[in-house]
Amino acid sequence: MSDAVTYERRDGIGVITVNNPPVNALGQAVRQGLKECLDQGLADGEARALVVTGGGNTFPAGADIREFGKPPQEPSLPDVIDAYESSDKLVVAAIHGTALGGGLEVALGCDYRVAVESAAVGVPEVKLGLLPGAGGTQRLPRLAGVQNALEMITGGNQVKAPKARDMGIIDAIVGADLVDEAVAYANKLVSEAAPRRPIRDMEASAESDSVFDDFEKGLQKKARGFLAPFHCVKAVRAAVDLPFREGLKRERELFQELMDSPQSKAQRHVFFAEREVGKVPGIGKDTPKREIKSVGVVGAGTMGGGIAMNFLNAGIPVIIKEVKQEALDKGLSVIRKNYESTAKKGRISMDDVDKRMGLIMPTLDYDDFKDVDLVIEAVFESMDVKQDVFETLDRVCKPGAILATNTSTLDVNRIASFTGRPEDVMGMHFFSPANVMKLLENVRGDKTSDEVVATVMDLSKRIGKVGVCVGVCDGFVGNRMLHKRQAEAVALVDEGASPEQVDKVIYDFGFPMGPFAMSDLAGLDIGYSIRLERRKAGDPDAQELTWLDKLAEKGRYGQKTQAGVYRYEEGDRTPKPDPEVAELIEQHRRDKGITPREVSDQEILERCMYVMVNEGSKILEEGIAARALDVDIVWIYGYGFPVYRGGTMFWADQVGLGEIRDRVRQFYQDQGGEQWKPSPLLEQLASEGKGFHDAK
Ligand code: 3H9
């Protein structure tokens, strides 16, 4: 017998403990062990009842995801759970940590469930593009009601033990000595001759006739493009419509369909990529990290304020600096307003608002930064201004303080050169709104020390961000690829597509919005002024003015002026096509001597997406991103790339790099341009029949 699961007797109760760190995943050895220990417990004449629990930090947190996609190995999890549910001794699940997915399903195979107060339960399979496939969709609605089960199964979120008790999932909250308490609980049940309580014998009945239809309707918008949430609803419906065994069969069919789907494959890739991305190649776990106990933020504008909020939320004090008192007051009042509106929605208490505001210290004086451990600069995007800021920071900050820039366009190496400590300088590129967006591009300069990289990556996690370590180049990973897509989208309209057609293709692909709706949101004036600056500076790569720039010249800046590529009604963010824009585009074409042609949706998709893949490939070649998964995560968390497609480079691998290379070559031949020059890495991988994720 392996020691993945152990059996012992305590006070007349057989205790079965899973020991498979870090999360007690239910791999083959654990399933086998659970079965064998159950048999041992049933055969143990001195065990009056049984307790199942997890060693270490947690009850099992689910099936072993690493086994997915490989040939199944006996015993299956549903069979193990069936054996527990059929046991003729009472079984109590003793839960701490997180009983998730298959873990909660094991607990549902038991007669009773007790948990410590800090525990949580949940069925997060939907986040892996799956559904609970070991009876969860059949047992949970029987135990907690259809509405609760639908919410938990389609949402995948964790439910804290006290709430789970109110929902009927947990029978009792017990003290911190979990196993002792569970043993006492089991003894009490035995002494009271409490009945066995297999959930399969319970009835599942819907709260109303329309519950499933209503629920599905709600999902149409929330889960647009995803397959799994809809399969989850079908499976729960089977719990109501079919007898238990048949319901299980239906669950299995639906589970298998999802397991075989490209969506689940993509979502499983994202699960591991999200964890891998924090491990920067070449920077080991033992790299020393600096302690960050206080932070300075330069600039209290939209970006600076949003950045500060991340630290306040994590309980880290912030000193925020502005040039004028008025700007400082305004910045602080915006932060307070943001918190108050979160409190109004019930997500934090008014007490939390005060606590967070109590952690912020406004100042007009750089000298107040003398003791902070990290400063992030969020001032105007001009090298001269940055020079001034960094020379000052270098003068006032203590040795060892990390000096970070939030620049999205400027050269971090140059910024570092303004200080006498370039090894302490790094980019921390937050995405707007900075308190909401999860991506943080951590830009490593040529001279940034490993210690600073390790500290900033660790800190990203602490403030709830997904940090991706990238190198210095124009636009870093995200915006560099985005600019290529944007230029292609503009060119497609030049050639004859309408902005609405381009946006629809990208929206239908699964992005939250198309490139032009996004420009309207960001503000057309921003790209316009950058291009204007570049042309003024005589940049040879500066593009000629586009029809988009002509809109900006007319004061159509996007949503903020209720007119951009689209028009907007007062108080409504829905983009509406505008004949005036169509006319301006027509005129632009006439000026350039272009006869518009019909552009197919397929061409739009290929040109907008393959240009990004080609650029992503160059980014990998240059080592700006270390791995394809880093690019995937940037696009998922920074730009809303559909999770069910796994990120730009994962998606490219699924399409096939041979196919993409051929199209890229064709576009290069047809229209030229550096953006279509095939990346040598793409050429090489395609010729070897490999994908970006096979490249080392
Ligand atoms: C399922 O149960 C299907 C069934 O319904 C049906 C079956 C028939 N498997 O996240 P962390 C690894 S589907 C394998 O950093 P935390 C993870 O990769 C499953 N490995 O820790 C990482 O490895 P590394 C449903 C797993 O404390 C390490 O453990 N369950 C699994 O921040 C630490 O992870 C889920 O989807 C796994 N199931 O968070 C739960 N889980 O160190 C998924 C984790 O090499 N897990 N690893 O990078 C989680 O949500 C979080 O890991 C958890 C801990 C909240 C548990």
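This is a predicted model: local features need pLDDT of at least 70, side-chain atom pairs count only at pLDDT 80 or more; totals for chains, interfaces and linings use all residues.
Helix axes here are lines fitted to C-alpha atoms over the stretch in contact, and the angle between two of them runs from 0 to 180 degrees between N-to-C directions.

Let's get oriented. The chain is divided into three pieces: domain 1 covers 5-259, domain 2 is built from 261-283 plus 600-696, and domain 3 takes in 295-374, 386-402 and 414-470. If you take the centres over C-alpha atoms, domain 1 and domain 3 sit 42 Å apart.

Now to that helix pair. Helix H18 spans residues 478-495 and helix H20 spans residues 515-522; their axes come within 10 Å and cross at roughly 115°. The crossing of H18 and H20 is left-handed. On the H18 side, the residues that meet H20 are Leu 482, Arg 485, Gln 486, Ala 489, Val 490 and Val 493, and what they meet in H20 is Pro 515, Phe 516, Met 518 and Ser 519. Sort that contact by class and you get 7 nonpolar, 2 polar and 1 charged residues.

Stay with H18 for a moment. Its 18 residues reach 26 Å from the first C-alpha to the last, close to the 26 Å expected at 1.5 Å a residue. How many of the residues of H18 are buried? The count is 13 of the 18, so H18 is largely enclosed by the rest of the structure. After the helix comes Gly 496, with a positive phi near 145°.

H7 has 14 residues and reaches 20 Å from its first C-alpha to its last, close to the 20 Å expected at 1.5 Å a residue. Its buried residues are Leu 178, Val 179, Ala 182, Val 183, Tyr 185, Ala 186, Asn 187 and Leu 189. What covers them? The cover over the buried residues of H7 includes a set of strands: S1 (5-10), S2 (13-18), S3 (49-54), S4 (91-95), S6 (112-116) and S9 (172-174).

Leaving out residues up to four places away in sequence, Leu 178 touches Thr 53, Ala 94, Ile 95, His 96 and Val 116.

Most residues other than glycine have a negative phi, and most peptide bonds are trans. Against that background, check Ala 193, which follows H7 and is found in the loop between H7 and helix H8 (211-222). Phi of Ala 193 is near 55°, a positive value in a residue other than glycine. Is Ala 193 buried or exposed? It is exposed, with a relative accessible area of 64%. Asn 24 also has a positive phi near 55°, and it lies in the loop between S2 and H1. Asn 24, though, counts as buried because its relative accessibility is 3%.

That loop between S2 and helix H1 (28-43) is also the place of Pro 22, and the peptide bond from Pro 21 to Pro 22 is cis, with omega near 5°. There is a cis bond from Glu 74 to Pro 75 too, with omega near -10°. Pro 75 has its place in the loop between S3 and helix H2 (77-85).

Two last stops. Glu 274 is found in helix H11, residues 262-276, and counts as partly exposed because its relative accessibility is 29%. Glu 274 and Val 466 are 192 residues apart along the chain, with 7.5 Å between their C-alpha atoms. Glu 274 touches Ile 633 and Tyr 637, again not counting residues up to four places away in sequence.

Finally, look at Ser 679, in the loop between helix H27 (657-671) and helix H28 (680-687). Its relative accessibility is 0%, so Ser 679 counts as buried. Beyond residues up to four places away in sequence, Ser 679 touches Asn 614, Ser 617, Lys 618 and Glu 621.

Terms used: Residues are numbered from 1 along each chain as its sequence is written. Side-chain values use heavy atoms; hydrogens and water are left out. Helices (H or I, at least four residues) and strands (E, at least two) are DSSP runs, numbered from the N terminus. A crossing is left-handed if the near helix is turned anticlockwise from the far one by less than a right angle, and right-handed if clockwise. Contact means heavy atoms within 4.5 Å. Ala, Val, Leu, Ile, Met, Phe, Trp, Tyr, Cys and Pro count as nonpolar, Asp, Glu, Lys and Arg as charged, and the others, Gly among them, as polar. Domain bounds come from an automatic or database domain assignment. The expected span of a helix is 1.5 Å times one less than its number of residues. Buried means under 20% relative accessible area, exposed over 50%, partly exposed in between (1.4 Å probe, protein chains only).
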